[in-house]
2 protein chains.
Amino acid sequence: MIGASDKRNKVGSQVLTNIMAAKFDGLLYPVNPKHSTLFGTTSYKTIKEIPENIDVAFITIPNVQVPAALEDCIEQNVKFAVIITAGFGEMEDYDTLGRNLVDRVHSILKRGDLHIVGPNCMGIVSSQCNLVGLMGLGFPPLRKQVNASIVSQSGTWGVTTIRAGTIHQLGFSKFVSTGNELDLKFEDYLEYFGMEDADTQIILGFIEGLRQGRRIIKLLEEIKKPIVFIKGGKTQGGTETAKSHTGSIAGSYQMYKALFEQYGVIEVNDMTELVDFGRAFSIALSQDPPKLPRGNRVGIFSGGGGACVLMADDAESEGLVVAQLDPKTIETLNQILPSYWSHRNPVDLVASWDFNAYSRVLKVLLDDPNIDAIVARPPIGFSLMYESKDVIEFIKQSPLSTFNIPLEMMNSFDLSIVRDMGRLAKKSSKPVIMPLGFYSPEYNKEYDIVRELDKRGILVVPSAPAAMRILKKLGEYYKYLKKIKIS
Amino acid sequence: MIGASDKRNKVGSQVLTNIMAAKFDGLLYPVNPKHSTLFGTTSYKTIKEIPENIDVAFITIPNVQVPAALEDCIEQNVKFAVIITAGFGEMEDYDTLGRNLVDRVHSILKRGDLHIVGPNCMGIVSSQCNLVGLMGLGFPPLRKQVNASIVSQSGTWGVTTIRAGTIHQLGFSKFVSTGNELDLKFEDYLEYFGMEDADTQIILGFIEGLRQGRRIIKLLEEIKKPIVFIKGGKTQGGTETAKSHTGSIAGSYQMYKALFEQYGVIEVNDMTELVDFGRAFSIALSQDPPKLPRGNRVGIFSGGGGACVLMADDAESEGLVVAQLDPKTIETLNQILPSYWSHRNPVDLVASWDFNAYSRVLKVLLDDPNIDAIVARPPIGFSLMYESKDVIEFIKQSPLSTFNIPLEMMNSFDLSIVRDMGRLAKKSSKPVIMPLGFYSPEYNKEYDIVRELDKRGILVVPSAPAAMRILKKLGEYYKYLKKIKIS
């Protein structure tokens, strides 16, 4: 850790303490000429004094001092340097010094095997060895799940995605903020995640502009893992902003779009979508062959007629088909539901308070050969009311407390739906998605429900349009897989 | 309350206890031939025994008994009956009895002044008198705010909107579930909310199909309050579903769309959007003249370059313009920000840890005559980490606890940004929106921040695309207001 510091507002102290706090599995050597210890750990004047072989050096010292540090790294046989320091020509018009530094760094790199992440990046993360080598403050502890890896041409965006994903049950394997890509490029990380790293099952990325056209085509052709990208610089305004951000020429968005379509890359437009697709693939890959919709025909059900109407609209707006129920399905549903049920898909359970109706309907629809995937909106979450202070107070004050909102009934209603539907969804090869609408911190337990559903392979998303968009794209990905397996 | 009951699974007990639990301001008379008291309140054999004049009767008795009850209501001079009972021909093919009942009700209504809400509806709500006359269980207590009113052709959808809105700081005045619209129609409620009820400032609606074409045109022409509608039945699948749900013929969606555009009605596609627009108008109407964007030019800023690129894309994708900064603005920002700031809009604060930079930038942009509205993504929410059990545990275990994540610093950072930006936004006539991304119940306090921002007139939404869409539509509404004032 070259530039290690104990001063709160220094990047060198942020990176150092983030590494220490996350309990990195390996050995950590702070380097700072003015200290002999930092936070109780021996500190070294230069990297050359360190008695062991170094795998990776983090560098946060001022830009003009970086070349000398890199020369030391080469002398010590260091394999990788993560240069977090900025000021390497990224603001072309304002930084002749930085441009000269880049030339110096390039000539230093020719002398050895050292490779560089950055400069001007936020760092790297690897959950396999508990390495949180990031600038910034307040990262949540890593969830030890091996799943998605992120390569991001925006550091802050990438780090926010980690936080968002961690909150929403998405496990991460590795993260890299690519910075200026002076040496290692987006394409290198993509190759590593896609072709080499067995711990990466899904690749998420933020692209502003790529530099190696032929190589990216070859990589996308060869990588068999799901890739979900967000592309910055889709419009003129975005492209100009990207130019001033990373100095990258974003290139024609149409070209990227065509490339993504040809090679089964899923393109999303915001972070929520990115995280949701990460979670969707994480569930899909939990089965072999992956649990993907084999076609466009979606089965829909809910206890509310309005929700059914809107979900049918959402399905068709996204290019899906509201499945035509098999006559056998209608017959079976006639036996399960009141006579005035909708008699078609979407299946309207007409506000039924029959606890078992929802899982029964799910079973029938999963068995229907005309249906490729299910979107269901069961009335779960009533027990969550009890998380709200207002409601607790209200129940206490009410003489009807034992009657009006019976907590046990609500809890068992929620749990039985989650368990029964989860059991059915888990063993089916058809995806099941629930747009549960509003999650809210007033109802803490809502996330428990989301977690329980997630465990059972049911994806919870914030809205029905989001659910339909995900199914549509998963279906396209299935077609892509079929195409590349055949060819 | 005709059909009042103490049996848990009866709709009559749900409505009764919902009214009692919400502490209705007026007098409540349970009606049930088999009880003399219900929950400690005197119960009556028939409505004719009640010694007072009745304003509104709720009816939950079986459909075949409803005509007789309505005859009693007319005899007692009751003005309104809310018929929650279903079975009045809404499932045309399966219900000849229901169709006959409708004919009987129509002929009874001719004998007096009684008007009917429903049948087959979920009920009505009025926060002015604490009336929660709804079927169903577990409604949160009303927040006593006078603001949006909802008219919904889907009961469950409408009730879910109340819950979602209540959670998200949207105050409600009144709610009506229109049901089969045997007597009173969607158009009647719209007229009341739009032309008569001073407590309704914003109208939210769910439409499946309207029956009175000329009248709706005249109403939309005359109503000066903001209207936000969601239309079910936009696609063939949705239209067919609507037909089996409310029996309504949804009509050509293109016709509705044209109507909405002509009369300044904002059309949304899901519940999140509906609630967000409700909140947006609630803030806009807190000023006179309303705080609406006078044009398309948006000022954008963030501490992350990637977020700036994506927000510029989002703005242009929604048809907004990334504003060209006034030269004076650039000069002032040169004095506030490090030399390597973006020198253009979006203003990239380059991951600054200067607590005051964000509010200073907001002030400069609000003063720029080239900017009509602001979308800002400041780095707030770090203090929220302390809400997570994981993080609290992690801090306790870490020897760096006093250093790595200083809670006080984070708290004061969050608070100072919220207060300073809030003060500036409140007195400006330009809207300020913050897409804060993920709210999560792991970080309870996030909602405190959202609430504090809301108080100060800053709208928080889940994503930048949502922020841009809202600004675009608010701008169109401003143009509509200008047009109708001129003509």
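## Two antiparallel helices in chain A

Helix 11 of chain A and helix 12 of chain A run roughly antiparallel to each other, because angles over 145 degrees are counted that way. The model is a predicted one. To see this pair, select residues 327-336 of chain A for helix 11 and residues 357-367 of chain A for helix 12; their axes cross at roughly 170° and come within 10 Å. Next, display the side chains where the two meet: A:T329, A:T332, A:L333 and A:I336 belong to helix 11 of chain A, and they face A:A357, A:R360, A:V361, A:V364 and A:L365 of helix 12 of chain A. Sorted by class, this contact between helix 11 and helix 12 of chain A has 6 nonpolar, 2 polar and 1 charged residues.

## A parallel pair

Two packed helices are described by the angle between their axes and by the distance between those axes. Now select residues 186-196 of chain A, which form helix 5, together with residues 213-222 of chain A, which form helix 6; here the angle is about 15° and the axes lie 10 Å apart. Are helix 5 and helix 6 of chain A roughly parallel or antiparallel to each other? They are roughly parallel, since angles under 35 degrees are counted as such. The crossing of helix 5 of chain A past helix 6 of chain A is left-handed. By class, the contact of helix 5 with helix 6 of chain A has 4 nonpolar, 1 polar and 4 charged residues.

Of its 487 residues, 55% count as buried. Taking the contacts in chain A between residues at least 6 apart in sequence, 73% join residues at least 24 apart.

Which residues touch the most other members of the largest nonpolar core? Select A:I59 and B:I59: among the 278 residues of that core, these two have this place. Then show the surroundings of A:I59, setting aside neighbours within four places in sequence. Its contacts are A:I2, A:G3, A:V66, A:A69, A:A81, A:V82, A:I83, A:I84 and A:T85.

## A buried valine

Move to A:V418, in helix 14 of chain A, which spans residues 407-427. A:V418 is buried because 23 other C-beta atoms lie within 10 Å, and the cut-off for burial is 20 or more. Beyond four places in sequence, A:V418 touches A:I380, A:I449, A:E452 and A:L453. A distance can also be drawn from A:V418 to A:P378: the two are 40 residues apart in sequence, and their C-alpha atoms are 9.4 Å apart.

## Backbone details in the loops

Most residues other than glycine have a negative phi, and most peptide bonds are trans. The next selections depart from these patterns.

- Select A:G118 and A:P119: the peptide bond joining them is cis, with omega near -5°. A:P119 sits in the loop between strand 5 (115-117) and strand 6 (123-126) of chain A.
- Select A:D288 and A:P289: the bond from one to the other is cis, with omega near 0°. The loop holding A:P289 runs between helix 9 (271-284) and strand 13 (297-302) of chain A.
- Select B:F39, a residue other than glycine with a positive phi, near 50°. B:F39 is in the loop between strand 1 (37-38) and strand 2 (41-42) of chain B, and is partly exposed, with 19 other C-beta atoms within 10 Å.
- Select B:N130, where phi is likewise positive, near 55°. This residue, B:N130, occupies the loop between strand 6 (123-126) and strand 7 (131-134) of chain B, and is partly exposed, with 16 other C-beta atoms within 10 Å.

## Last stop: B:L285

Finally, select B:L285, in the loop between helix 9 (271-284) and strand 13 (297-302) of chain B. B:L285 is partly exposed, with 17 other C-beta atoms within 10 Å. Leaving out residues up to four places away in sequence, B:L285 touches B:Q201 and B:P290. B:Q201 is 84 residues away from B:L285 along the chain, and their C-alpha atoms are separated by 8.2 Å.

Note on methods
Residues numbered from 1 in each chain as written. Chains lettered and ligands numbered in written order. Predicted model: local features only at pLDDT ≥ 70, side-chain atom pairs only at ≥ 80, totals over all residues. Core = buried A, V, L, I, M, F, W, Y, C linked by C-beta atoms within 7 Å. Buried ≥ 20, exposed ≤ 12 C-beta atoms within 10 Å, placed from the backbone. Contact = placed C-beta atoms within 7 Å. Axes fitted to C-alpha atoms, helices over the stretch in contact; angles between N-to-C directions. Helix = DSSP H or I, 4+ residues; strand = E, 2+ residues; numbered from the N terminus. Parallel < 35°, antiparallel > 145°, perpendicular 65-115°, else oblique. Left-handed = near helix turned anticlockwise from the far one by under 90°. Nonpolar A, V, L, I, M, F, W, Y, C, P; charged D, E, K, R; others polar.
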